[in-house]
Amino acid sequence: MAFQPTPTDVTAIITTPSTGPNAGPQFQNERRITPTWTVMQLKSKLETMTGIPPGSQRLHLKSPGLPSRWIDGDETVIGEWGLVRGCEIEVHDSRPQSARPNFNDLSSVEKYVLPTTTYESLPNSVLAWKKNQKLGRFDPNALSPEESMRKQAEQDAEEVARKEIAVSRRAIILPSSPPHVRRGTIRFVGPVPTIPYPGVNDKSESSKVDSDDSLPMWVGIELDEPTGKNDGSVGGQRFFTCPSKSGLFVKPEKIEVGDFPPLDLDDDLGDLEEL
């Protein structure tokens with residue numbers, strides 16, 4: 001009996017075609033293929049790589065220097081097709097598009113949500129670490145959100161008085177450095193109940209009185225250029241009027257009051273005419 005050497009595995013590139021024009025393959029990987037496998041055996045192994053069931057696969061073989069061809073016959077031995085190193089097997093899906101699973105559509109994937117009670121009982125969570133370190137709301141000396149809000153309101157009032165922030169004064173937004181300096185005119189100074197404070201959810205009572213001393217203060221500015229976020233209104237409530245995208249509300253510490261004249265466009269045009 002003559003000695004029969006074991007067939008050498010051949011490394012092939014496995015791809016799936018892309019549906020878009022001028023696009024590369026959707027999937028590309030390498031696979032060692034034993035020439036004695038049948039086509040059906042190969043398809044079964046390719047299913048784990050491509051996700052396409054064997055019965056829906058059509059294999060297109062591309063070999064260097066040879067014309068490409070379709071691999072037919074599930075019981076055909078792969079070695080009969082002349083596999084060579086560097087060949088490519090393109091796996092086509094014969095199923096209609098509607099029958100193929102879309103793994104990129106996450107909206108159809110049921111997401112697991114850890115119950116709050118379960119998370120709070122975990123010994124190695126961030127919440128447990130905060131409890132052990134007495135951080136945040138677990139700090140016995142920490143201020144409540146309402147107390148923190150009142151303290152912030154006091155600090156804001158002191159900042160407004162110290163910087164002499166007042167309506168109609170000119171100001172720039174900090175941080176600012178040339179040429180990116182946002183400047184404008186102060187149009188509003190006071191509390192803005194429609195801007196929520198972290199941890200304080202109930203604004204129904206405080207929103208009735210805009211001058212409530214417990215509310216933090218904001219500075220409303222009409223910018224010289226439309227680089228803002230609003231037109232002087234926040235949360236459906238208007239505090240001043242200006243063109244769209246020219247209004248901005250910032251904290252007092254982000255304001256520098258001074259002699260900041262508006263940008264003179266005529267000067268810029270004159271410079272351009274001299275170029």
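## Exercises on a predicted protein model

The protein chain has five helices and 12 strands (DSSP runs, numbered from the N terminus, of H or I with at least four residues for helices and of E with at least two for strands). This is a predicted model, in which local features need pLDDT of at least 70, side-chain atom pairs count only at pLDDT 80 or more, and totals for chains, interfaces and linings use all residues. Residues are numbered from 1 along each chain as its sequence is written, and side-chain values use heavy atoms, with hydrogens and water left out.

**Exercise 1.** Find what share of the residues is buried.

*Solution.* Start with the term: buried means under 20% relative accessible area (1.4 Å probe, protein chains only). Then look at the chain: of its 275 residues, 32% are buried.

**Exercise 2.** Work out the strand order of the open sheet and find its edges.

*Solution.* First, the order of the five strands is S2-S1-S5-S3-S4, with mixed pairing. Next, S2 (27-33) and S4 (69-71) each have a single partner strand, so one side of each lacks a neighbour in the sheet. Two strands pair if DSSP finds at least two bridges between them.

**Exercise 3.** Describe how S1 pairs with S2.

*Solution.* Strand S1 covers residues 10-16, and its pairing with S2 is antiparallel, over seven bridges.

**Exercise 4.** Which strands does helix H1 touch?

*Solution.* Locate H1 at residues 39-50; the helix packs on the sheet and touches S1, S2, S3 (57-62), S4 and S5 (88-93). Touching here means contact, with heavy atoms within 4.5 Å.

Key. Buried means under 20% relative accessible area, exposed over 50%, partly exposed in between (1.4 Å probe, protein chains only). Axes are lines fitted to C-alpha atoms, for helices over the stretch in contact, and angles run from 0 to 180 degrees between N-to-C directions.
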